[in-house]
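The plan is to go through it piece by piece and jot down what turns up.

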Amino acid sequence: MKIKEWTLIAIAGVALCCAPAACQKWGESDPPAGNQKNPDAQVRTVAQLSFDVGSDIPGETVALAGGATPTIVEDAQRGGGVLYQNGGYLRFKNPLQKLYVAAGASVSMWVKMPAVDTSGALFSFVDESGGSVLSVTKSAYLSYTGANGTFDVNPGAAVSDALIPDRWHFLAISLTYEGYAVYVDGEKKYEAGGEPNAESAAATKSAATKSIAVSYASVVELLTTVSHFYLGYDGASSEVKEAYFDDVAIWKNKISEKDATPVKGDEPLPEPVYLNTFDASNDAQIVGAGTFAAVDDPKFGVVFQNATGGTRQNYLKLPSNVLSHSTETNEMTIGVWVNAANAGASGAYMWSPLFTAYGAAPANNENTWPMLALQYRGVLQVNNSGWCDFTDAQNVNGANALYHDATDWLADHEWHYYTVTLTETSAKVYFDGVTVNEWAVDGNSDGAVIRGLFTNGADLNYACLGGNQAWNWGDPDPGFMFDDFAVYNVELTAAQILSIIGKKK
């Protein structure tokens, strides 16, 4: 979904204009005087760039030595034109210059980078005559050089790890008097505040200004005084190299968490490698007493209604190759809508499985390995050419959160979206797009191996939705309703999961 381009306007009494061949489309002005108590503190876009195919590129495109001039190319996932840079950058007049801001400023954009390069400046505010510059890399390394000295703040790899190569991400950064925050796909990944020099061993002050208290206020001052904004370069030596950009926005004041979250439906979604909506032809086989049934809600239509009770007796057997598509990506996402309206009281299914997969049907009412078990209560287990129990110690919070009985996430008998994402070193469980459990492992140690799920996924050819508990555990098959079971051969982001939910509801 492309954002509509904005027209030229005046902001806070300052007219912004440029030559027709090098002019960006600007954002909204402040609203007329009315009930607002402090219009200077309101969040508002002052520049918004949408790179439609066939349109002029707003601003001036520049090729660096050995590089190419940025161009507009068509991108199927973004649904239109995007800016492609490879050894070049885009520059235009700083829309914040001479603009009073009460709380700072923010920058947001869609960005995709083929390679992991955390050293290049993703964007910068540059004074082309005086040498002042503020640059931010995609790992959120912030570098300031200005009238009050210099400082750097570097959170390390925490943010760059969230920007997966060759995928579109929505990045939003707020820069305020108190500090700065970084959001990736709607999730806050980093926040810094206080005295910036205390946050980096590399932070320095020049001898001439060492007595001046360098603070984030210096950042805000620079944002409203320097002459230009650069996309993909810092004006000196740091370039982002190869990257794609879309819907770049500069905001007056601190961006809200809502504005830092992609608009529902705007997130590029990969095609699932397997999808079963249960509405048309169905390649799944009912085991036991479950049924395909129509529900009153037209958004869900026909669903799989599993039978209540029994152990390893009632479930939906999916095609044998459903987990065999991640041999090259080494990533996987499984998602499904779930409703417990016909499953009885919470205590009837508090230990039940949601999805399981094995190398064969149960024998003597028992299962063995290879296996994958996704438990309804929010935990999981894999044993397939290596194993991982996703223990409390491996949980990033130090303990697994359990969602059953008194914390039953299905107790309201409404539809909820369950998602699990898996990589070689991580796993996350989401309820309705919110992370409820997350694990980090080294991927190699005994009890910390997930990759067999990808390299040997074809061995898990007996895949079951809604039951068939692991091992010889006596937990019943739950009488849940299911819809839109999907498998992806990539790790979906939280924003993409929210997009799936938004499109359904």
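This is a predicted model: local features need pLDDT of at least 70, side-chain atom pairs count only at pLDDT 80 or more; totals for chains, interfaces and linings use all residues.

Before counting anything between strands, I need a term: two strands pair if DSSP finds at least two bridges between them.

**Entry 1: a strand pair and its sheet**

I started with β25 (residues 371-375) and β26 (residues 380-383), which are antiparallel and joined by four bridges. Within this pair, I found Leu-374 opposite Leu-380 of β26. Then I looked up the sheet they belong to. It is open, has seven strands with antiparallel pairing, and reads β19-β22-β31-β24-β25-β26-β27 in order. Its edges are β19 (285-287) and β27 (387-388), each of which pairs on one side only.

**Entry 2: the whole chain**

Next I stepped back. I noted 32 strands and three helices in the protein chain. Of its 505 residues, 54% are buried. I also checked contacts between residues at least 6 apart in sequence, and 70% of these join residues at least 24 apart.

**Entry 3: strand β3**

How many of the six residues of β3 are buried? Six of the six, so this strand (residues 44-49) is largely enclosed by the rest of the structure. I then looked for a partner and found β17 (residues 243-252), which runs antiparallel to β3 and is joined to it by five bridges. Leu-49 faces Val-248 of β17 across this pairing.

**Entry 4: two helices**

I looked at α1 (residues 216-223) and counted six of its eight residues as buried, so the helix is largely enclosed by the rest of the structure. Those buried residues are Tyr-216, Ser-218, Val-219, Val-220, Leu-222 and Leu-223.

**Entry 5: the largest pocket**

β15 (187-193), β29 (426-431) and β30 (434-440) each supply at least two residues of the lining. The pocket holds about 550 Å³ of space. I found 24 residues in its lining, and nearest its centre lie Asp-161, Ala-162, Lys-189, Lys-428 and Glu-491. By class, the lining has nine charged, five polar and 10 nonpolar residues.

**Entry 6: the cavity**

In general, rolling a probe the size of a water molecule over the atoms shows where empty space is left. I found one cavity of 30 Å³ or more, and the largest cavity has about 50 Å³ of space. Which residues line the largest cavity? I noted Val-111, Lys-112, Met-113, Lys-138, Leu-163, Ile-164, Pro-165, Arg-167 and His-169. Sorted by class, this lining has three charged, one polar and five nonpolar residues.

Note on methods:
Residues are numbered from 1 along each chain as its sequence is written. Side-chain values use heavy atoms; hydrogens and water are left out. On a 1 Å grid over the protein atoms alone, a cavity is a set of points where a 1.4 Å probe fits but cannot get out, and a pocket is an open set with protein on both sides within 12 Å along at least five of seven lines; lining residues have an atom within 4 Å of a point. Grid points are joined across faces, edges and corners, and a volume is the space filled by probe spheres set on the points. Ala, Val, Leu, Ile, Met, Phe, Trp, Tyr, Cys and Pro count as nonpolar, Asp, Glu, Lys and Arg as charged, and the others, Gly among them, as polar. Buried means under 20% relative accessible area, exposed over 50%, partly exposed in between (1.4 Å probe, protein chains only). Contact means heavy atoms within 4.5 Å.
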